[in-house]
Amino acid sequence: RRRVNRRKQSFSTTSDEIDFQSDESKFGRGDMHLSAVLNEGDVVVYQTGTWTVDGVEVGDGGPPRLKCAKVETIQIVWTHNCEHGVLRGLALSIDGESGGINAVVPPEDVDVEFGPEQ
């Protein structure tokens, strides 16, 4: 079992430092996908529940929900027009009550797994 520093980890950012997959001037499919610029240690927001990919409904059928994670492993293959694989990481919760944004590792060390389309 890995050891995790359970202290609150603070970070701050401005809106021009956040990358959004929907920014078509910077990102697209395959090797232009946002997941192609991720690094281990990055903090990401991903979606669970149900969403659409290329007009097809995917997911577990539940309502859409956003979650946060610190990326620990990236296993993705990018082609010219698609991306397939998995990202694994440590679940984070966001605490905004202190006036800033704090990424907090939950006490139970929850490992998460999600795909690049999430």
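Visitor: Which residues does Val44 touch, not counting residues up to four places away in sequence?

Guide: With those sequence neighbours set aside, Val44 touches Leu38, Lys67, Cys68, Ala69, Val71 and Phe114, where contact means heavy atoms within 4.5 Å. The model is a predicted one, in which local features need pLDDT of at least 70 and side-chain atom pairs count only at pLDDT 80 or more, while totals for chains, interfaces and linings use all residues. Residues are numbered from 1 along each chain as its sequence is written, and side-chain values use heavy atoms, with hydrogens and water left out.

Visitor: What pattern does the protein chain follow when read along the sequence?

Guide: The pattern is β-β-β-β-β-β-β-β, since the protein chain has zero helices and eight strands; these are DSSP runs numbered from the N terminus, with helices (H or I) of at least four residues and strands (E) of at least two. Of the contacts in the protein chain with a separation of 6 or more, 48% are between residues 24 or more positions apart.

Visitor: Which residues make up the largest nonpolar core?

Guide: That core has 10 residues in all, namely Leu38, Val44, Tyr46, Ala69, Val71, Ile76, Leu87, Ala91, Val112 and Phe114. Strand 2 (43-48), strand 5 (65-78), strand 6 (83-95) and strand 8 (111-114) each supply at least two of its residues, and the largest share, three residues, comes from strand 5. The name nonpolar core is used for a set of buried Ala, Val, Leu, Ile, Met, Phe, Trp, Tyr and Cys residues joined through side-chain atoms within 4.5 Å.

Visitor: What makes Tyr46 and Phe114 an aromatic pair?

Guide: Their ring centres lie 4.1 Å apart with 5° between the planes; rings of Phe, Tyr and Trp (its six-membered ring) pair if their centres lie within 6.5 Å, and planes under 30 degrees apart count as stacked, over 60 as edge-to-face and the rest as tilted, so this pair is stacked. The pair links distant parts of the chain, with Tyr46 in strand 2 and Phe114 in strand 8, 68 residues apart.

Visitor: Why is His33 called buried?

Guide: Buried means under 20% relative accessible area, exposed over 50%, and partly exposed in between (1.4 Å probe, protein chains only); His33 is therefore buried, because its value is 7%. His33 is found in the loop between strand 1 (9-11) and strand 2, where its side chain makes a polar contact with the side chain of Ser35 at 2.8 Å. Buried residues make up 29% of the 118 residues in the protein chain.

Visitor: Why does Glu83 count as buried?

Guide: Glu83 counts as buried because its relative accessibility is 8%. Glu83 has its place in strand 6 and, leaving aside neighbours within four places in sequence, is in contact with Arg29, Gly30, His33, Ile76, Val77, Trp78 and Pro116.

Visitor: Why does Gly49 count as buried?

Guide: Gly49 counts as buried because its relative accessibility is 5%. Gly49 is found in the loop between strand 2 and strand 3, and its C-alpha atom is separated by 5.0 Å from that of Pro63, 14 residues apart along the chain. Not counting residues up to four places away in sequence, Gly49 touches Val58, Gly59, Asp60, Gly61, Gly62, Pro63 and Pro64.

Visitor: Why is Gly115 called buried?

Guide: Gly115, in the segment after strand 8, is buried because its relative accessible area is 8%. Gly115 touches Gly85 and Leu87, again not counting residues up to four places away in sequence.

Notes: A polar contact is a pair of N or O atoms within 3.5 Å; within protein, one must be able to donate a hydrogen and the other to accept it, and residues adjacent in sequence count only if both atoms are side-chain atoms.
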